Amino acid sequence: MSGFSPRVKAVLGPTNTGKTHLAIERMLGHASGIIGFPLRLLARENYDRMVLRKGAKNVALITGEEKIVPPGAKYFSCTVEAMPLDRRVEFLAVDEIQLCADPDRGHIFTDRLLHARGLVETMFLGAETIRRLLKRLIPDAEIETRPRLSELSYAGPAKLSRLPPRSAIVAFSSTEVYAIAEAVRRRRGGCAVVMGRLSPRTRNAQVALYQAKEVDFLVATDAIGMGLNMDVDHVGFAGLSKFDGHRPRLLQAPEVAQIAGRAGRGMRDGTFGVTANCPPLADELVNAVESHAFEPLEQLCWRNSALDFTSTDTLLASLMQPPPAFGLVRGQDATDAMTLASLSMDPDIRKAAQGRIATRMLWDACQIPDFRKLANDWHAKLCARVFLHLRHDKTLPVDWIANQFEGLDKTEGDIDTLMQRLADVRVWAYITARADWMKDAIPWQNRAREIEDKISDTLHEKLMARFVDKRAAHLTRRLEAKETEDLLSVVSARGVVLVEGHEVGRIDGFQFHPDPATQGQEKKLVLRAARRALAQEMPRRILRAELAQDDAFSISPTQRIIWEGAEIARLRKGASIMRPAVEMNPSEFIDGAARERLRVRLAAYMAASVDAKLAPLAAVMAAPPPPLRGVIHRLGEALGVLPGEIGTPAEKAALKPLGIVAGRFALFMPALLKPNAAAMRALLWALWNGVETPRLPPAGLVSIPASSNPDFAFMMGWLPAGPVMLRLDIAEKLGGELHYLIRKQPVVLPTNLASRMSLKPESLPGVLNVLGLRIIPAATLGPKFFGPPAPPLLARRKHVAVKPAAPPPPPPEPLPDSPFAALAALRRTAS
């Protein structure tokens, strides 16, 4: 057997040729094998089939988020990224190998094409377009072309209301999917919905709904293009362009064929066409799809897999190496490489990632998938935190993981909210699937699966509730489609929705509130027309809000952002105390992309509002003098009032030109105690602490009763002073004046002191005590120092009253009437 050479075979052809079935049969005929699929749901679906054939103890499932690996497993169903290539198996296969040309994931498929092999047999499955490059890169590969089992033909355009039963309608954004699904629900009784963001459990439940013929229509994104084998007779394209993650572009002919090929499975012929507002297909494109004749691929995407983990710099350099052969090119920078490049600029990360082991650990953390795709730094921060925990603690903290799952274990929210939460769960399912990162991985993996299942079931129910209505199906069969087409529906400038001149509801922000007085069949009919009006009105509203000036928005006392009189978002604790987060209110009329654009716009408004109302603080924080950077940073975190006497005399002098007072009781900015700035600081404090915004005292007060929340009161510029709280700037100013007055010796207590602080006379001693002062009754100086009535004196808190010497001196000369003149005469006599 020393001369034995493993067999490498490529099975190429269009959809519905039985390629995947062939590969699984070949694998199960060997003693062991691995097969890699492009999607998690395909890996799961084929795992279930293999379990039926070989038993659960012999079959494993490995995806990024899910691992089921019995000790004696022989056959592995995996995603391509998760294939355990260190295992030696007789058979190995990769499905959809033409994805080597995909700019985002292609380098993974190309790596498997070049390096992944079974001990006895290797099989690559895919489209005919990769034949030429595959033969060039693997000259010894056998290539078999399989014909389609059924005929696929073009049926031309058709209205949604005229599509045949057992049709799949394909759109390329969630907004389009929802709009078309709503239209099908109104006119045909309902539909199943399939999108790439659905979990396998939700997707399977929706497919089962369709397969059981509870609905006759399926509305989907191009996620149906791979591996969804259903009883579809016709595929209708509602559009021919998509956003590929980088830019909008037209579908390529092989992509159209991949989707259209879902029609007509097995020996049953299928048709494809266009619907809704999609223009007819060009003859050239139709001929290519019907004959399965496409231009061959010119290049495959490649990335070096022999990585150098000596340091982060060498790792980045090895990732950037040029392709080694003609026909291979570098694709788009993958998320893991971009995350690594971002984190490598962090000094703390670079310090922690010293040595090969630490660098490899950092790379593993960077490979956490970014299922959220929010285009912000959330993902990089998560990867950094995972790495630092692993580096310092060896495993991830249990309480941190528990808090994440606690926040995700919720089923409330609209469809988009649930799908976004599923993306979050997938991230943590991936993390907990790494047993080497966890102290006890199995319970957390089970928890992730439990939460995903719970959210998936709720999502399926909400999809059913929104897009399947049997009563509506009965009604729509009785109504001609043109009845609603002829109804006049408009939205007034005040947001009132009118159908044939009758008010049927109103728009509040981005929410539609139907008129409760409209009931029964009339309600269904008029709401159908109203939603058509809203389909045009909502995009206009979204654009108007995106382009609105900052003065179009305001903040309510309940921490909501108001636009055109309606609450459209709520404020939450953000990354820093001066940058609160914005959370859009849920709306069925706003898809994920529009919601994110609005969130970004409102976050910009909020940042501008904070910087405007706290302008002195924002300005000094933006460009702090280097020697004062630390204290100014602390002042910013304290929202402009930092307790305690802080700074050297030199620092205090340097702070004064910046508008910062370094007083006896605090470091603060007097400008921030004004009403507008105080209101903003109160809001930011409440958001940071997760509480309702406290009410502020009326403007202009000098003192107020003692607060039940002294920390908040002090931050707002109120100094606790015995039974009351004194305004901080007044306390500093008055304290300075009084200490200067008594710098040499006690003085007569000013008669207007209590009124200057709006105090009752009995509260004055306690307040003066906080200011470092005290009142000395004249009686402690002896009755002969003053003639009656004797005025009290003001002294430092630690001053000890002077007692008359024995024997007493001769009586002083008669004192003038003025208390200050009397004090001067007393001093002369005493000397």
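I take buried to mean under 20% relative accessible area, exposed over 50% and partly exposed in between, with a 1.4 Å probe and protein chains only. By that rule glutamate 452 is buried, because its relative accessible area is 6%.

**Basis.** I worked from a predicted model, in which local features need pLDDT of at least 70 and side-chain atom pairs count only at pLDDT 80 or more, while totals for chains, interfaces and linings use all residues. Residues are numbered from 1 along each chain as its sequence is written, and side-chain values use heavy atoms, with hydrogens and water left out.

**Entry 1: the chain.** I noted 831 residues, of which 49% are buried. The secondary structure comes to 29 helices and 35 strands; helices (H or I, at least four residues) and strands (E, at least two) are DSSP runs numbered from the N terminus. I take contact as heavy atoms within 4.5 Å. Among contacts between residues at least 6 apart in sequence, 66% join residues at least 24 apart.

**Entry 2: glutamate 452.** I located glutamate 452 in helix H16. Leaving aside residues up to four places away in sequence, I found that it touches Arg40, Ser199, Pro200, Leu422, Val425 and Arg426.

**Entry 3: H5 against H16.** I next examined helix H5 (residues 174-188) and helix H16 (residues 441-467), whose axes come within 9 Å and cross at roughly 55°. That makes H5 oblique to H16. Here angles under 35 degrees count as roughly parallel, over 145 as roughly antiparallel, 65 to 115 as roughly perpendicular and the rest as oblique. The axes are lines fitted to C-alpha atoms over the stretch in contact, and angles run from 0 to 180 degrees between N-to-C directions. From H5, Tyr178, Ala181, Glu182 and Arg185 meet Ala465, Arg466 and Phe467 of H16.

**Entry 4: nonpolar cores.** I define a nonpolar core as a set of buried Ala, Val, Leu, Ile, Met, Phe, Trp, Tyr and Cys residues joined through side-chain atoms within 4.5 Å. The largest has 65 residues, and Val386, Leu396 and Ile431 have the most contacts inside it. Helix H15 (residues 415-432) gives the most to this core, with ten residues. I recorded a second, separate core of 63 residues, which includes Val504, Phe510, Leu642 and Leu683. Returning to leucine 396, I listed Val386, His389, Leu390, Ile401, Ile431, Trp437 and Met438 as the residues it touches, not counting those up to four places away in sequence.

Entry 5: I count two strands as paired if DSSP finds at least two bridges between them. Strands S23 (residues 553-555) and S24 (residues 560-563) run antiparallel and are joined by three bridges. Isoleucine 555 has isoleucine 561 in S24 as its bridge partner. Four residues lie between S23 and S24 in their hairpin, and glutamine 559 in the turn has a positive phi of about 70°. S24 also pairs with strand S25 (residues 566-576), in the antiparallel sense and over four bridges. Arginine 560 stands opposite arginine 570 in S25. The hairpin of S24 and S25 has two residues between the strands, and its glutamate 564 takes a positive phi near 50°.

**Entry 6: positive phi in loops.** Most residues other than glycine have a negative phi. I noted lysine 213, not a glycine, with a positive phi of about 65°, in the loop between helix H6 (200-211) and strand S12 (217-220). Lysine 213 counts as exposed, at 59% relative accessibility. Histidine 292 has a positive phi near 55° and lies in the loop between helix H8 (283-291) and strand S17 (300-301). Histidine 292 counts as partly exposed, at 28% relative accessibility.
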